[in-house]
Amino acid sequence: MTPRSVAPSSRIPPHSDGMRIGLLGGSFNPPHQAHRDISLLALKRLELDRVWWLVTPGNPLKDVSALQDLTVRAAAAQAMANDPRIVVSCLESFIGTRYTVDTIDYLRRRCAKVRFVWIMGADNLGQFHRWQGWRRIAAQVPIAVIDRPPQSLRALAAPAARALGTSRIAATAAARLADRKPPAWVFLTGMKSPLASTGLRNPDGSWKK
């Protein structure tokens, strides 16, 4: 059964022109409190209207052999989100994309008047240079990087952070990030949860209780 708030017919969650929407992509295998905390922090600090959780069919940079079924992950994400401003979507499965850059291309074509912001944890900034088309992602949407201790220093010294150094804005200007012409990114502190999906899985890929 398709999880509530995932709409196969429309594919893209409800939205309207001018909305400020954060995009948080991931396997959500399993979803956890840090996903919710990141989203709530982004909603507040970036002054967003919504955050869409894009539950990916599979991360191209990770082993997907023990990945739980997409519907299971989406339903668990919906239960974890527990906030009307956080919307769970299986968009990438419906449109057949594997890479974030293609998902963003799709959304920007069909939601041209929505102000999207890509949200990622500092751990992902550390490997952002390995993402397919990462420079094009940075050129298409502003990016909010949320501190994920102990990744901070490593992430800020990573190739992508250095390459985009002149496009970084002060955290005090975070509320206007969605209005900035990309490339533009901000590094936000204050999210101290060490939770990660890897630590919540058993060796066989099942989720810990």
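Colleague: T97, is that residue buried or exposed?
Modeller: Buried, because its relative accessibility is 11%, and the cut-off for buried is under 20%. Bear in mind that this is a predicted model.

Colleague: Where does T97 lie?
Modeller: In the loop between helix 3 (91-95) and helix 4 (100-110).

Colleague: Which residues does T97 touch, leaving out those up to four places away in sequence?
Modeller: E92, D102 and T103. With T103 there is also a polar contact between the two side chains, at 3.0 Å.

Colleague: Changing topic. How many aromatic pairs are there in the whole structure?
Modeller: A search finds five. In one of them, the rings of W52 and F116 have their centres 5.7 Å apart and their planes at 65°.

Colleague: Why is that W52 and F116 pair called edge-to-face?
Modeller: Because the planes stand at 65°, and an angle over 60 degrees counts as edge-to-face.

Colleague: Where in the chain do W52 and F116 sit?
Modeller: W52 is in strand 2 (residues 50-55) and F116 is in strand 4 (residues 115-121).

Colleague: What about the rings of F128 and W131?
Modeller: Their centres are 5.0 Å apart and their planes are at 80°, so this pair is edge-to-face. Both residues are buried.

Colleague: Which residues do ring pairs link into a cluster?
Modeller: W118, F128, W131 and W134.

Colleague: Which residue lies over the face of Y106?
Modeller: R110 does, at 3.8 Å from the ring centre.

Colleague: Now the whole protein. How many helices and strands are there?
Modeller: Eight helices and six strands. Starting at the N terminus, the order is β-α-β-α-β-α-α-β-α-α-β-α-α-β.

Colleague: How many of the residues count as buried?
Modeller: 50% of the 209 residues. The accessible surface comes to about 10200 Å², and carbon and sulfur atoms account for 50% of that area.

Colleague: Last one: what share of the contacts join residues at least 24 apart?
Modeller: 78%, taken among contacts between residues at least 6 apart in sequence.

How values were computed: Residues are numbered from 1 along each chain as its sequence is written. This is a predicted model: local features need pLDDT of at least 70, side-chain atom pairs count only at pLDDT 80 or more; totals for chains, interfaces and linings use all residues. Side-chain values use heavy atoms; hydrogens and water are left out. Rings of Phe, Tyr and Trp (its six-membered ring) pair if their centres lie within 6.5 Å; planes under 30 degrees apart count as stacked, over 60 as edge-to-face and the rest as tilted. Helices (H or I, at least four residues) and strands (E, at least two) are DSSP runs, numbered from the N terminus. Buried means under 20% relative accessible area, exposed over 50%, partly exposed in between (1.4 Å probe, protein chains only). A charge sits over a ring if NZ of Lys or CZ of Arg is within 6 Å of the ring centre and within 35 degrees of the ring normal. Contact means heavy atoms within 4.5 Å. Accessible areas come from the Shrake-Rupley method with a 1.4 Å probe; for residues, only the protein chains shown count as cover. A polar contact is a pair of N or O atoms within 3.5 Å; within protein, one must be able to donate a hydrogen and the other to accept it, and residues adjacent in sequence count only if both atoms are side-chain atoms.
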